[in-house]
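Open the model in your viewer and keep the sequence panel beside it. The tour below moves from stop to stop, with something to select at each one.

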Amino acid sequence: MSEKVQTNDIPPTVLQTGDNVLLAVAATVTWNIVDPGLAARLAAQTLGVTGNAGGDVVMPKLRENVMKQALASLSEFVGSQRYSETLVPPGQEVKPTVKKSPGLFCPDALATSVQHCNQITLRYGVRVSSVNIITAQPADPNLTVQLAAAAVAAAAAEKAEIQASGEAKAKLIEAQADADAERTRAGGAKDAADTLESSELAKTLSRIQRVGEALRGNSTLFFGASAS
């Protein structure tokens, strides 16, 4: 039984995404046997073969099992993705309200499919090293146009929201600046009035003081000489 690396095609299969889009997904799976004895024994038991089963007998069944598991793991991965989030108009960036999916073709995200595969395949002596999506197209061609139009509308709505928010902030800043200026002007006017009032009062008190001093020095200043 060969332990060399095997690569097989997963033909286009309709899978459903997390946002209920049906995609025709084509992929490849790379794998190899890491425990020939375990793989041969379990494959032979599955086939109902007694005695020593040769690789020509076991390999087709083993490959079939690997392909089925790879497809199941790929289906689980595609179901965790939101296809509509991948349709962003050129030159625009959409910030979704929910956490964005990493993408159908993201190697790091696809690594979860490999882990999912190996949870099963290692039990019969096979390790999957990679699962790669080659193409992923909506099963309904009209859906691509509709989703693209929705993405454009969402981008336009977000742009309008950002613009409106910016204008509102600008008006708020302008209003605060006007209020600060008005308070500054009012404070200046009050200080000037207080200064003027204080100055006038000081002048009046000084004048009264001088008059009082004059009266004490000469009582006839205003009232004439004393009566004889």
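**The sheet**

Start with the sheet: three strands, open, in the order S1-S2-S3, with antiparallel pairing. Strands pair here if DSSP finds at least two bridges between them. Strands (E, at least two residues) and helices (H or I, at least four) are DSSP runs, numbered from the N terminus. S1 and S3 are the edge strands; each has a single partner, so one side of each lacks a neighbour in the sheet. From one strand to the next, the twist averages 20 degrees. That angle is taken between axes, which are lines fitted to C-alpha atoms (for helices, over the stretch in contact), compared in their N-to-C directions on a scale from 0 to 180 degrees.

Before going on, note the ground rules. This is a predicted model, in which local features need pLDDT of at least 70 and side-chain atom pairs count only at pLDDT 80 or more, while totals for chains, interfaces and linings use all residues. Residues are numbered from 1 along each chain as its sequence is written, and side-chain values use heavy atoms, with hydrogens and water left out.

Select S1 and S2. Nine bridges join these antiparallel strands. Show aspartate 9, then look across to S2: threonine 28 stands opposite. Do likewise with glutamine 16, which faces leucine 22 in S2. Now go to the turn. Five residues lie between the two strands of this hairpin. Asparagine 20, in the turn, has a positive phi of about 65 degrees.

**The core**

Which residues touch the most other members of the largest nonpolar core? Select Trp31, Leu74 and Ile133: they do, in a core of 30 residues. Such a core is a set of buried Ala, Val, Leu, Ile, Met, Phe, Trp, Tyr and Cys residues joined through side-chain atoms within 4.5 Å. Colour the contributors next. Strands S1 (6-16), S2 (22-33) and S3 (126-138) each supply at least two residues of this core, as do helices H2 (55-78) and H3 (107-121). H2 gives the most, with eight residues.

Stay on leucine 74 and show its contacts (heavy atoms within 4.5 Å). Leaving out residues up to four places away in sequence, leucine 74 touches Ile10, Leu15, Val25, Ala27, Leu110, Ser113, Val131 and Ile133.

**Salt bridges**

How many salt bridges does a search of the whole structure find? Four. The criterion is a side-chain nitrogen of Lys or Arg within 4 Å of a carboxyl oxygen of Asp or Glu.

Select Lys61, Glu64 and Lys68, which a network of salt bridges links. Glutamate 64 meets lysine 61 at 3.9 Å, N to O. The two are three residues apart in helix H2, so about one helical turn separates them. Glutamate 64 also meets lysine 68, at 3.1 Å, N to O. That pair lies in H2 too, four residues apart, about one turn of the helix.

Now colour by accessibility: buried means under 20% relative accessible area, exposed over 50%, and partly exposed in between (1.4 Å probe, protein chains only). Lysine 61 is buried at 18%. Glutamate 64 is partly exposed at 35%. Lysine 68 is exposed at 52%.

Move to helix H4 (residues 141-217), where arginine 183 and aspartate 180 sit three residues apart, about one helical turn. They form a salt bridge, with the closest N and O atoms 2.2 Å apart. Arginine 183 is exposed, at 53%; aspartate 180 is partly exposed, at 39%.

**Glycine 37**

Select glycine 37 in helix H1 (residues 36-47). At 44% relative accessibility, glycine 37 is partly exposed.

**The cysteines**

Finish with cysteine 106 and cysteine 117. Is cysteine 117 buried or exposed? Cysteine 117 is buried, with a relative accessible area of 0%. Cysteine 106 is partly exposed, at 22%. A search of the whole structure finds zero disulfides, a disulfide being a pair of cysteine sulfur atoms within 2.5 Å.
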